Amino acid sequence: MYTGLLHLHNLLRWVILVLIVVAIFRHLTGMNQKRAVNAGDKKIDLFLMIAAHTTLVLGLVQWFVGDFGLKLIQNAGMKAVMENSAMRFWAIEHITGMIIAIVLITIGRGKVKRAVDYTAHKKAFTFFLLALIIILASVPWPFREAVARPWFPGMHI
Ligand code: HEM
């Protein structure tokens, strides 16, 4: 059950990354061409927000129930967690960075939700670009030695 949640969490990372890149591209071109926000933009942003919120819920369950969140702080203590880069990443940095990114995605999507002209493109572009940078910095990529996790669910590093 837990492994299934972890695999879904891993996979949703790719859904979020693809959707956010597409959304950023659409808002950038919309902004430059002064094109009004359309139904396609709104749909992509909505799916992005749903994927981000689903990942958030899964992540919260993992953080509270799994071995890589609250338990680290309970077992090792806050001081030891802060002094160890791997423990700090899982207990603090991953959750904080990702929650900030998901808030930015939610705000960006909110700007587009009822937009009728082109002005929301710039706001959504800015919020999503910031969120993308934070996500890229907060993912436990396979090349991040201390916290490495697989590219895809079930893969070995
Ligand atoms: C955009 C949002 C997020 C992305 C892209 C993301 C990405 C990932 C990835 C790729 C993994 C490794 C999965 C694996 O080992 O197969 C992971 C693990 C984890 N994530 Fe996230 N995450 C996000 C949000 C969150 C949030 C908001 C939380 C906490 C509230 C969270 C908590 C965790 C925990 C606790 C683990 C480790 C679980 C374990 O190994 O037991 N994540 N995340």
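Student: How are α2 and α5 oriented to each other, roughly parallel or roughly antiparallel?

Tutor: Keep in mind as we go that this is a predicted model. For your pair, start with the geometry: α2 packs with helix α5, residues 85-113, at an angle of about 155 degrees. Angles over 145 degrees count as roughly antiparallel, and therefore that is how α2 and α5 are related. Their axes are 10 Å apart, and the crossing they make is left-handed.

Now turn to the other partner of α2. Helix α1 covers residues 2-33 and α2 covers residues 39-65, and the axes of the two come within 8 Å. They cross at roughly 150 degrees, which makes α1 roughly antiparallel to α2. Here, too, the crossing is left-handed. If you want to know what the contact of α1 with α2 is made of, its residues split into 18 nonpolar, seven polar and three charged.

Between those two helices there's a loop, and Lys34 is in it. Have a look at the backbone there: phi of Lys34 is near 50 degrees, a positive value in a residue that isn't glycine. Lys34 is also exposed, because its relative accessible area is 56% and the cut-off for exposed is over 50%.

Go back into α1 and you'll find Asn10. The side chain of Asn10 has a polar contact of 2.8 Å with the side chain of Arg13.

Asn10 also brings us to the ligand. There are 19 residues around the ligand, and those that come nearest are Tyr2, His9, Asn10, His94 and Arg149. For three of these, you can look at particular atom pairs. In Tyr2, a side-chain N or O atom is 2.5 Å from an oxygen atom of the ligand. Arg149 also faces a ligand oxygen atom, with a polar side-chain atom 2.7 Å away. With His94, the ligand atom is a nitrogen, and a polar side-chain atom of His94 lies 2.8 Å from it.

Note on methods: Residues are numbered from 1 along each chain as its sequence is written. This is a predicted model: local features need pLDDT of at least 70, side-chain atom pairs count only at pLDDT 80 or more; totals for chains, interfaces and linings use all residues. Side-chain values use heavy atoms; hydrogens and water are left out. Axes are lines fitted to C-alpha atoms, for helices over the stretch in contact, and angles run from 0 to 180 degrees between N-to-C directions. Helices (H or I, at least four residues) and strands (E, at least two) are DSSP runs, numbered from the N terminus. Angles under 35 degrees count as roughly parallel, over 145 as roughly antiparallel, 65 to 115 as roughly perpendicular and the rest as oblique. A crossing is left-handed if the near helix is turned anticlockwise from the far one by less than a right angle, and right-handed if clockwise. Ala, Val, Leu, Ile, Met, Phe, Trp, Tyr, Cys and Pro count as nonpolar, Asp, Glu, Lys and Arg as charged, and the others, Gly among them, as polar. A residue is near a molecule or strand if one of its heavy atoms lies within 4 Å of it. A polar contact is a pair of N or O atoms within 3.5 Å; within protein, one must be able to donate a hydrogen and the other to accept it, and residues adjacent in sequence count only if both atoms are side-chain atoms. Buried means under 20% relative accessible area, exposed over 50%, partly exposed in between (1.4 Å probe, protein chains only).
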